[in-house]
Amino acid sequence: MQNLIDWVCLSEKIKENNNTIRNLTGEYKKIEPDCREGVRAQLERMKELCKERNNLYEKQNDLKGQKWKIEKSLER
């Protein structure tokens, strides 16, 4: 008799857990696309920032090269 009672209780707990899992999965599926879009937008912004930074590094190197040439010509 106790086994039957335990079985019924466990079955009910399994059903509750499954319902909770379904609810959580549904909520996750609602939220996920917005999160992915947010991450995607942030990654694109990071790419832009890196590209901008790299362009500035190149300009800095060009300017340093020009400065060095001027310094060398002044030493003569």
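Modeller: Start with the charges: the mean positions of the 17 positive and 14 negative charges of the chain are 7 Å apart. Lys and Arg count as positive, Asp and Glu as negative, and His and the chain ends are not counted. Each charge is placed at NZ of Lys, CZ of Arg, CG of Asp or CD of Glu.

Biologist: What kind of model is this?

Modeller: This is a predicted model, where local features need pLDDT of at least 70, side-chain atom pairs count only at pLDDT 80 or more, and totals for chains, interfaces and linings use all residues. Residues are numbered from 1 along each chain as its sequence is written, and side-chain values use heavy atoms, with hydrogens and water left out.

Biologist: How much of the chain is buried?

Modeller: Buried residues make up 1% of the 76 residues. Buried means under 20% relative accessible area, exposed over 50%, and partly exposed in between (1.4 Å probe, protein chains only). The chain exposes about 7,600 Å², with carbon and sulfur atoms supplying 58% of that area. Accessible areas come from the Shrake-Rupley method with a 1.4 Å probe; for residues, only the protein chains shown count as cover.

Biologist: Why does Ser-73 count as partly exposed?

Modeller: Ser-73 lies in helix α1. Its relative accessibility is 42%, so Ser-73 counts as partly exposed.

Biologist: What makes the contact between Arg-40 and Glu-37 a salt bridge?

Modeller: A salt bridge needs a side-chain nitrogen of Lys or Arg within 4 Å of a carboxyl oxygen of Asp or Glu. For Arg-40 and Glu-37, the N to O value is 2.4 Å, and the side chains meet in a salt bridge. Both residues lie in helix α1, three residues apart, about one turn of the helix. Arg-40 has 44% relative accessibility, so it counts as partly exposed. Glu-37, at 46%, is partly exposed too.

Biologist: Which residue forms a salt bridge with Glu-44?

Modeller: Lys-47 does, with the closest N and O atoms 3.5 Å apart. Glu-44 has a relative accessible area of 40%, so it is partly exposed. Lys-47 has 54%, so it is exposed. A search of the whole structure finds seven salt bridges.

Biologist: Which residues make the nonpolar surface patch?

Modeller: Met-1, Leu-4, Ile-5, Trp-7 and Val-8 make a patch of about 590 Å². Patches take residues with over 30% relative accessible area and no salt bridge; like charges are joined within 9 Å, nonpolar side chains (Val, Leu, Ile, Met, Phe, Trp, Tyr) within 5 Å.

Biologist: Where does Ile-5 lie?

Modeller: In helix α1, residues 2-75. At 42% relative accessibility, Ile-5 counts as partly exposed.

Methods. Helices (H or I, at least four residues) and strands (E, at least two) are DSSP runs, numbered from the N terminus.
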